[in-house]
Structure formats: C-alpha cells, structure tokens
Amino acid sequence: MESNALSIDFAGLNLPNPTMLASGIMGYSAESFHRIAKSGAGAVVTKSVGSQPRTGYANPTVVQAESGIINAMGLPNPGIDVFTEEIKFSKTILRVPIIVSVFGYSAEDYAAVAKKAADAGADAVELNVSCPHVKQTGAEIGQSPKLLAEIVQQVKAAINKPLIVKLSPNVTDITVLAQAAVEAGADALTAVNTLRAIAIDAETQMPILANKKGGLSGACMKPVALRCVYDIADQYEVPIIGCGGVSNWRDAVEFLLAGASAVQIGTAVADDIEVFQSITKGVENYLRKKNARSVKDIVGLAHRK
Ligand code: SIN
C-alpha cells in the first residue's frame with residue numbers, strides 16, 4: 001500500500017483522506033470547522049449560505065426518525081457578506097480545504113454568492129440545489145434539468161474554483177440531473193441531499209415539524225444514496241462525493257465501490273465527532289486487507305461486469 005494511500009486529488013482539491021463534513025452540520029463558525037478538521041476530516045463543507053441573512057423556520061426544526069432524523073431548518077444563515085469574514089478566518093487556521101455551500105433564488109443570485117465565497121478564499125463551492133422544502137430554491141431547481149443547467153453555467157462563469165453540485169434524491173432519474181450539471185460545467189457532484197419526509201405525532205394527530213415536511217438523513221438513507229451514486233457512476237465519469245447515511249468505515253467503502261471518490265458525513269457527526277478518524281482508519285485497514293495501493297484503486301469496483 002502507498003504511504004499516502006488515503007490522500008486523494010478530488011476535482012483539483014488535495015484531500016488528506018476521503019472524508020468530509022457534510023453541509024448543515026456544525027453551522028458557520030471557523031472554530032467548529034477547526035474542531036472537525038482536528039477530528040480527522042479531509043475537508044469541511046459549510047452550512048448553506050445565501051445572499052441575505054435568513055432566520056429560518058420556527059421550532060421544532062428537527063425530529064428523530066427510525067435510524068435517522070428529519071430536519072426542516074429553513075436555511076437559516078447570516079448572509080454571505082457576514083460569512084466571508086468567517087471564511088477568511090477559517091483559511092488562517094484550517095489545514096484542509098473549506099468548501100462553501102451556496103444557495104440562491106436565481107442563477108444571478110447563486111453566482112453572486114458563489115463569487116463572494118470564492119473571493120473570500122473558499123477552496124471550492126458546493127451548490128445546494130436540492131433543499132427539499134424551501135420554496136424558490138432547492139426542490140424546484142434540483143428537479144429541473146433546465147433550471148439546474150442555467151445556474152451551474154452562471155456560477156461556473158463567475159468563479160475559478162472547483163464547482164460541486166449537490167443533487168437531490170427526490171427525482172425519478174438522478175442521472176438526468178447529473179447530466180445537466182456536468183454538461184453545464186460542474187466539476188464534481190455530491191449525491192445526495194435529504195429525502196423529503198414527514199413525521200406525525202399520534203397524540204396531537206399533527207405533523208411534528210413546524211414546517212410540516214422536512215428532509216430525512218441518517219443510516220436509513222444509505223441504500224437510497226448508494227443507489228444514486230451507483231446510477232451516476234454507471235453513466236458518467238465525474239468525481240462523485242457520496243452522502244447519505246455514512247456512519248462507519250464499511251459505509252464509506254460501499255460508497256467508494258459504488259463509484260464515489262469521497263464521502264460526506266453529516267448525521268453521524270452529531271453522535272461522534274471522532275467518526276472521521278475511525279472511518280479513515282477502517283478504510284486504511286480495508287485497503288491493506290484487499291491489497292489495494294490507494295483509495296483510487298477501489299473506486300467503482302462494484303461496476304465490474
Ligand atoms: C435546511 O436548512 O432546512 C436544510 C437545508 C438542506 O436540506 O439543504
């Protein structure tokens with residue numbers, strides 16, 4: 001096995017290992033990104049930021065589901081102008097790439113936020129075109145190849161950093177959206193955001209979340225996310241980040257075999273911030289056991305005929 005078997009060049013980003021903090025976990029502060037990086041993450045993705053501050057939805061915004069959680073936060077964020085200060089500070093203390101997740105209400109809006117993030121030092125931009133429950137952003141865009149292509153083109157023209165598009169699982173055929181994103185200039189894809197879901201309280205006989213519906217994440221999501229990665233990798237040669245239910249090294253390996261070159265970890269971080277280290281160690285042991293020289297050697301192996 002190579003000495004730096006875990007390191008990976010992902011769409012131009014130098015990752016010390018294939019794990020990343022998923023967007024939405026640990027908020028916006030440079031200190032919390034630093035804590036995550038010290039816990040072993042190969043990169044951090046910020047919570048999504050828009051052009052203006054947003055307070056988000058009223059509580060409850062999160063509810064426990066079986067083997068997962070359902071959230072509907074409503075994209076609360078301080079707005080890109082405030083957040084650029086945090087990006088700049090993060091760059092002085094982080095030794096791993098910081099990827100800024102961006103949302104908007106039009107192609108111009110997305111491009112303007114992405115440009116500010118990139119100018120402030122973001123190593124890459126991840127487009128959130130897949131929030132399942134905030135109107136005029138997210139769902140509508142993530143389900144329309146035409147709208148998606150328009151946004152990706154404009155953002156691509158506005159920045160000179162790698163552009164990652166986070167796709168929605170709430171579609172009939174994810175490869176159609178993947179194709180639209182790649183043809184419009186996406187450098188990489190994250191598959192996937194949360195699955196549209198609802199929780200109802202038998203006592204009150206009402207939906208539990210203030211927003212009624214939200215997005216499901218956690219272990220129960222893994223088979224769906226894995227299938228999405230597999231479907232995309234089956235058709236396109238594009239770097240993919242697997243996201244959805246990764247909580248141990250075996251999950252991570254399964255995503256690599258399906259065709260992802262890196263994985264994002266979200267819900268599992270809330271239970272154990274050291275999860276990055278245990279996944280990295282487990283992947284390293286797996287590579288050794290299988291006589292693989294590097295992570296790259298096992299990417300997509302499940303597609304062998
Ligand atoms: C939220 O802030 O409500 C979640 C964002 C997302 O799912 O993209």
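A: Helices (H or I, at least four residues) and strands (E, at least two) are DSSP runs, numbered from the N terminus. By that naming, Pro 60 is found in the loop between β4 (43-45) and β5 (62-65), and the peptide bond that leads from Asn 59 to Pro 60 is cis, with omega near -5°. The model is predicted, with local features needing pLDDT of at least 70 and side-chain atom pairs counting only at pLDDT 80 or more, while totals for chains, interfaces and linings use all residues. Residues are numbered from 1 along each chain as its sequence is written, and side-chain values use heavy atoms, with hydrogens and water left out.

Q: Where is the peptide bond from Ala 191 to Val 192, which is cis, placed relative to the strands?

A: Val 192 is found in the loop between β10 (188-191) and β11 (195-198), and omega of the bond from Ala 191 is near 15°.

Q: How should I read strand pairing, and which strands form the closed barrel?

A: Strands of a sheet pair through backbone hydrogen bonds, either parallel or antiparallel; here two strands pair if DSSP finds at least two bridges between them. The closed barrel has eight strands in the order β3-β4-β7-β8-β9-β10-β15-β16, with parallel pairing. Neighbouring strands of this sheet are turned by 25° against each other on average, direction ignored, where axes are lines fitted to C-alpha atoms, for helices over the stretch in contact, and angles run from 0 to 180 degrees between N-to-C directions.

Q: Which strands pair with β16?

A: Strand β3 (residues 19-21) pairs with β16 (residues 262-265) in the parallel sense over three bridges, and Thr 19 has Val 263 as its bridge partner. Strand β15 (residues 240-243) also pairs with β16 in the parallel sense over three bridges, with Ile 241 bridged to Ala 262.

Q: Are the residues on the two faces of β16 buried or exposed?

A: Buried means under 20% relative accessible area, exposed over 50%, and partly exposed in between (1.4 Å probe, protein chains only). Ala 262 and Gln 264 on one side of β16, and Val 263 and Ile 265 on the other, are all buried. By contrast, Gln 205 counts as exposed because its relative accessibility is 64%; its phi is near 60°, a positive value in a residue other than glycine.

Q: Which atoms of the protein lie 2.9 Å from an oxygen atom of the ligand?

A: A polar contact is a pair of N or O atoms within 3.5 Å. An N or O atom in the side chain of Lys 47 is 2.9 Å from an oxygen atom of the ligand, and a backbone N or O atom of Leu 75 lies 2.9 Å from a ligand oxygen atom.

Notes
A polar contact is a pair of N or O atoms within 3.5 Å; within protein, one must be able to donate a hydrogen and the other to accept it, and residues adjacent in sequence count only if both atoms are side-chain atoms.
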